[in-house]
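Q: I would like to learn how to read a fold from its coordinates. Could you take me through one, feature by feature?

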Amino acid sequence: MKRRVIALFCFLVLLTGCASPSTNAPELTPTTLPSTASEAQDVLIRFFDLLNSKQYSEADALYGGDYEQLQIFNADADPSDHAALWAWSCEMSGLQCLKVRTANFKMLQGDTYFFQVEFSNADGSLFVLGPCCGADETEMPPVSQFEYQVMRNPDGKFLVTDLPPYVP
C-alpha cells in the first residue's frame, strides 16, 4: 500500500511537470515608452548645432532650463523673446555656442540623462575654458569637459537644461 501511494505521488509530480503552462495567465506589456540615452544625446547635439548655426528659435524648442542668466545678459530684451535672448547671449555676451565634439553618456537619474561634453572651436580645435578674472592656471585649472543634463519632460520630450559655457 505504501508503495502505491509513493508511486502515485511520483506519477502526479511527473504529470504536473509535463503539463503545458496555463493560457489564462495575463500577458505582460510595457507600461512606459522606451527612452534611450541615444535619443537624449541626439537632442543635446542638435541643440548646440542649432545655436551654432544661429537658429535660435529652433534651439529654444530643445531647451528646458532657466532663462534668468540670459535675461541678465540682455536686460533690455523682452524676457518672452527667447530667440533674441539666445542671439544676444551667444553673439555678444560670451556664451560659447559651439558644436559638440564629444558627448559621452555618464548616468541616468530619474528622467535626467547626464553627459560629459567637449566642444570644438570654429577651427576644429578642442575648446578649453581657461582661467578667468585674474586667476592663473593653478588657481583655476583649464577645463575642456563640461557636464550637461538632458531631461525627459512629462510629455516625453527631451530638453537640454544647461547653458553653453561662458567666457567673460
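A: Start with what covers helix H2 (37–52): H3, helix H5 (82–91), strand E1 (99–109), strand E2 (112–120), strand E3 (146–152) and strand E4 (158–160) are included among the elements over its buried residues. Contact means heavy atoms within 4.5 Å. Helices (H or I, at least four residues) and strands (E, at least two) are DSSP runs, numbered from the N terminus. This is a predicted model: local features need pLDDT of at least 70, side-chain atom pairs count only at pLDDT 80 or more, and totals for chains, interfaces and linings use all residues. Residues are numbered from 1 along each chain as its sequence is written, and side-chain values use heavy atoms, with hydrogens and water left out.

Q: Which residues of H2 are buried, and why do they line one face of the helix?

A: An α-helix has 3.6 residues a turn, so residues three or four places apart point the same way. In H2, the buried residues are Ala40, Val43, Leu44, Phe47, Phe48, Leu50 and Leu51. Down the axis of H2 they fall within an arc of 160°, so they line one face. The arc is that of the directions from the helix axis to the C-beta atoms. Buried means under 20% relative accessible area, exposed over 50%, partly exposed in between (1.4 Å probe, protein chains only).

Q: What does Leu44 touch?

A: Leave out residues up to four places away in sequence, and Leu44 touches Val100, Ala103, Phe115, Val117, Tyr148, Val150 and Val160.

Q: Which residues of the largest nonpolar core touch the most other members?

A: In soluble globular proteins, nonpolar side chains tend to be buried together. A nonpolar core is a set of buried Ala, Val, Leu, Ile, Met, Phe, Trp, Tyr and Cys residues joined through side-chain atoms within 4.5 Å. The largest one here has 34 residues, and Leu44, Phe47, Leu51, Trp86 and Phe119 touch the most other members. H2, H3, helix H4 (68–73), H5, E1, E2, E3 and E4 each supply at least two residues of this core. H2 gives the most, with seven residues.

Q: How many bridges join E1 to E2, and E2 to E3?

A: Two strands pair if DSSP finds at least two bridges between them. E1 and E2 run antiparallel, with nine bridges. Ala103 has Val117 in E2 as its bridge partner. E2 and E3 are also antiparallel, joined by six bridges. There, Thr112 is partnered by Met151 in E3. E3 and E4 pair in the antiparallel sense over three bridges.

Q: Which residues form the covered face of E3?

A: In a regular strand the side chains alternate between the two faces of the sheet. Phe146, Tyr148, Val150 and Arg152 make up the covered face of E3, while Glu147, Gln149 and Met151 make up the uncovered one.

Q: Where is Lys54, and is Lys54 buried or exposed?

A: Most residues other than glycine have a negative phi. Lys54, however, has a positive phi, near 65°. Lys54 sits in the loop between H2 and helix H3 (56–60). Its relative accessibility is 52%, so Lys54 counts as exposed.

Q: What joins Cys90 to Cys97?

A: A disulfide is a pair of cysteine sulfur atoms within 2.5 Å. By that rule there is one disulfide. Cys90 and Cys97 form this disulfide, S to S 1.9 Å. The torsion about their S-S bond is about -70°, so the disulfide is left-handed. Cys90 and Cys97 are both buried.
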